[in-house]
Amino acid sequence: MIKSFLPILLLTSLIAQNSYSFSFNNTVGAAFNTDQVIVNVADNCSNLGITNEDLLTIIQEALDEYWNTVATSKLVLVLGSLITLDNAFYTEKMCTKSGNNCEPNINLIVSSGITISCNENSTDNFTSDSILGITLPNNITGSVLQGSLLLINDRVTNQFQNKSRSQMISIIAHELGHAIGLGHSPIKDSLMYYTLVPVRDRLGFDDIDGVTYLYPKSQPFGCGLIHYVNTKNDEDQNSIILLALVFFLSLLIISLYRKEKPLLVHSSSY
């Protein structure tokens, strides 16, 4: 009886060891309902210390090195183009805050996909130079995410401009995680960890679990194989089984050849 519970106990142990803490940044767990989401970039940045072309390259690397690497997720983020936005995206606040709620500014609604824009608002958005970027899914219908806005701190004294290229890439990738519906993670090796980690060049298991949950890839039908490495005892046991099979098959072939009863069921009396 005890042996019958061992697989269940082992499975429970594995599940417990691989439980992570990804969260959502909206109350309905909203996600885009398309496999490909376009990321457009405003041409209004002036204080980041990089050109628009550099920013596009950084964003492309953020897509390719992070969110587009998840084999279990169907989501593909596609870099769009440089676009010209109304000046409100550069000057106005992201939303009106009320407790934990954030009512989107109707002047900054993104109709579809993800829009990245610079913003210099220091009254509501970037109250500190250390705030590098803020993101809000600001167009949600039911549980379907229609559009998200990502704002980068473009104040003259912003700290984004002082980061290394790899840090800029991970910062953008982190904010893109919010744009697709993910919240912060308490797991330090996750991209979605709530604060910047100096060295971070890949997604953590928590990030992968989160994007897979929101954008699961359908699994093909068919049989799967489990491959494992035999221990020495397993090899010895398999060899004995193989020899036994060969022996019994030989006896069967000999008995059939002699057109007698199979030796496997033959009995003698003395």
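## Pockets, a cavity and a helix pair

In this predicted model, the second largest pocket holds about 310 Å³ of space, while about 770 Å³ lies in the largest pocket. The structure also holds 1 cavity of 30 Å³ or more, and helices H2 and H4 pack with their axes 8 Å apart.

**Second largest pocket**

- The elements that give two or more residues to the lining of the second largest pocket are S4 and S6.
- The lining consists of Asn25, Asn26 and Thr27, then Asn100, Asn101, Cys102, Glu103 and Pro104, and finally Leu136, Pro137, Asn138 and Ile140.
- By class, the residues of this lining divide into 5 nonpolar, 6 polar and 1 charged.

**Largest pocket**

- The largest pocket is lined by 34 residues, and those that lie nearest its centre are Gly133, Ile134, Thr135, Glu175 and His184.
- At least two residues of this lining come from each of strand S3 (95-98), strand S4 (101-104), strand S6 (133-141) and helix H4 (165-179).
- The lining of the largest pocket comprises 13 nonpolar, 16 polar and 5 charged residues.

**Cavity**

- The largest cavity contains about 40 Å³ of space, and its lining is made up of Phe22, Ser23, Leu182, Gly183, His184, Ser185, Met192, Asp206, Asp207 and Gly210.
- Of the residues that line the largest cavity, 3 are nonpolar, 5 polar and 2 charged.

**Packing of H2 against H4**

- Helix H2 (residues 52-65) packs against H4 at an angle of about 65°, and because angles of 65 to 115 degrees count as roughly perpendicular, H2 and H4 are described as roughly perpendicular to each other.
- The crossing of these two helices, H2 and H4, is right-handed.
- On the H2 side the contact involves Thr57, Ile58, Ile59, Glu61, Ala62, Leu63 and Glu65, which meet Arg165, Met168, Ile169, Ile172, Ala173 and Leu176 in H4.
- The contact of H2 with H4 has 9 nonpolar residues, alongside 1 polar and 3 charged residues.

Technical notes
Residues are numbered from 1 along each chain as its sequence is written. This is a predicted model: local features need pLDDT of at least 70, side-chain atom pairs count only at pLDDT 80 or more; totals for chains, interfaces and linings use all residues. Side-chain values use heavy atoms; hydrogens and water are left out. On a 1 Å grid over the protein atoms alone, a cavity is a set of points where a 1.4 Å probe fits but cannot get out, and a pocket is an open set with protein on both sides within 12 Å along at least five of seven lines; lining residues have an atom within 4 Å of a point. Grid points are joined across faces, edges and corners, and a volume is the space filled by probe spheres set on the points. Helices (H or I, at least four residues) and strands (E, at least two) are DSSP runs, numbered from the N terminus. Ala, Val, Leu, Ile, Met, Phe, Trp, Tyr, Cys and Pro count as nonpolar, Asp, Glu, Lys and Arg as charged, and the others, Gly among them, as polar. Axes are lines fitted to C-alpha atoms, for helices over the stretch in contact, and angles run from 0 to 180 degrees between N-to-C directions. Angles under 35 degrees count as roughly parallel, over 145 as roughly antiparallel, 65 to 115 as roughly perpendicular and the rest as oblique. A crossing is left-handed if the near helix is turned anticlockwise from the far one by less than a right angle, and right-handed if clockwise. Contact means heavy atoms within 4.5 Å.
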